[in-house]
Amino acid sequence: MDHAPRVMNHYNEKRLARNITISPLDRLKIGIQIASGVADVHSVDFIHDDLHEQQFLYKDGLFKLNDFNYAKPMYVDKNANKTCTLSLSEFGNRRQASLEELQYKTGYKGFTPVEPDKMEVWLMGNLLYTILTDLQVWNKKGYEDQVKRIVAGKRPRIPIHILQRNDPAYAALINALDMSWTYDWKERPSARAIANYLIGELQTITGEEAPDFRISFLDEGS
């Protein structure tokens with residue numbers, strides 16, 4: 001029976017409720033799927049602009065980026081040959097929670113307008129954090145304290161059992177988090193660079209030149 005695609009958080013909720021674990025290798029593959037989806041959007045000079053778990057649909061072992069209702073084009077300064085930064089007027093009314101948006105909203109003195117794709121890479125890191133840890137970056141309690149921590153350059157904690165696992169797939173995702181959450185957006189790698197890094201790590205782990213990115217998650221009828 002062919003089942004309709006389901007959103008990522010549906011499967012996460014079902015899996016956690018049933019105590020079904022995901023292997024580190026499958027977590028790495030999901031990370032690749034997320035980073036590749038974001039990179040594909042950026043490659044055609046658009047940003048998704050509404051990036052969160054519910055925007056990824058699962059079908060046939062793959063999570064694919066969905067729902068482009070809020071997608072926006074990225075503009076290029078032809079004289080400087082670089083992507084235009086977002087103007088201050090484009091901040092403040094958005095629903096997202098990237099570092100730069102939090103800097104602007106809290107009046108951080110070091111704030112500088114950011115290139116939109118680099119801002120979205122930070123948001124991609126929020127998703128990678130959830131895939132790695134099964135936790136959310138944002139909790140309902142203590143939101144203001146969380147904002148202050150992130151603006152000050154502190155990151156959500158990675159559980160000790162992951163850090164002590166010494167698994168190469170976990171290590172790759174932790175490194176991808178470091179890349180996504182690079183504090184200076186000018187130094188932050190592109191989504192494509194992060195996707196390529198993760199693919200390279202998967203190739204090293206599996207010993208396969210063209211490893212399968214599909215995962216064994218939950219039955220699609222679940």
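User: Hi! Which residues of α8 are buried?

Analyst: In α8, the buried residues are Ala 191, Ile 194, Ala 195, Leu 198, Ile 199 and Leu 202. Buried means under 20% relative accessible area, exposed is over 50%, and partly exposed is in between (1.4 Å probe, protein chains only). This is a predicted model: local features need pLDDT of at least 70 and side-chain atom pairs count only at pLDDT 80 or more, while totals for chains, interfaces and linings use all residues. Residues are numbered from 1 along each chain as its sequence is written, and side-chain values use heavy atoms, with hydrogens and water left out.

User: What do the buried residues of α8 pack against?

Analyst: They pack against α2 (24-43), α4 (116-133) and α7 (168-180). Helices (H or I, at least four residues) and strands (E, at least two) are DSSP runs, numbered from the N terminus.

User: Which residues have the most contacts inside the largest nonpolar core?

Analyst: Leu 28, Leu 51, Met 124 and Leu 198 do, in a core of 45 residues. Such a core is a set of buried Ala, Val, Leu, Ile, Met, Phe, Trp, Tyr and Cys residues joined through side-chain atoms within 4.5 Å. α4 gives the most to this core, with nine residues.

User: New topic: where is Arg 155?

Analyst: Arg 155 lies in the loop between α5 (143-151) and α6 (160-163). Arg 155 is partly exposed, at a relative accessible area of 30%.

User: What does Arg 155 touch?

Analyst: Leaving aside neighbours within four places in sequence, Arg 155 is in contact (heavy atoms within 4.5 Å) with Arg 149, Leu 177, Asp 178, Trp 181 and Thr 182. The side chains of Arg 155 and Asp 178 are joined by a polar contact of 2.5 Å. That term is a pair of N or O atoms within 3.5 Å; within protein, one must be able to donate a hydrogen and the other to accept it, and residues adjacent in sequence count only if both atoms are side-chain atoms.

User: Last one: in which sense do β3 and β4 pair?

Analyst: β3 and β4 pair in the antiparallel sense over four bridges; two strands pair if DSSP finds at least two bridges between them. Tyr 58 stands opposite Phe 63 in β4.
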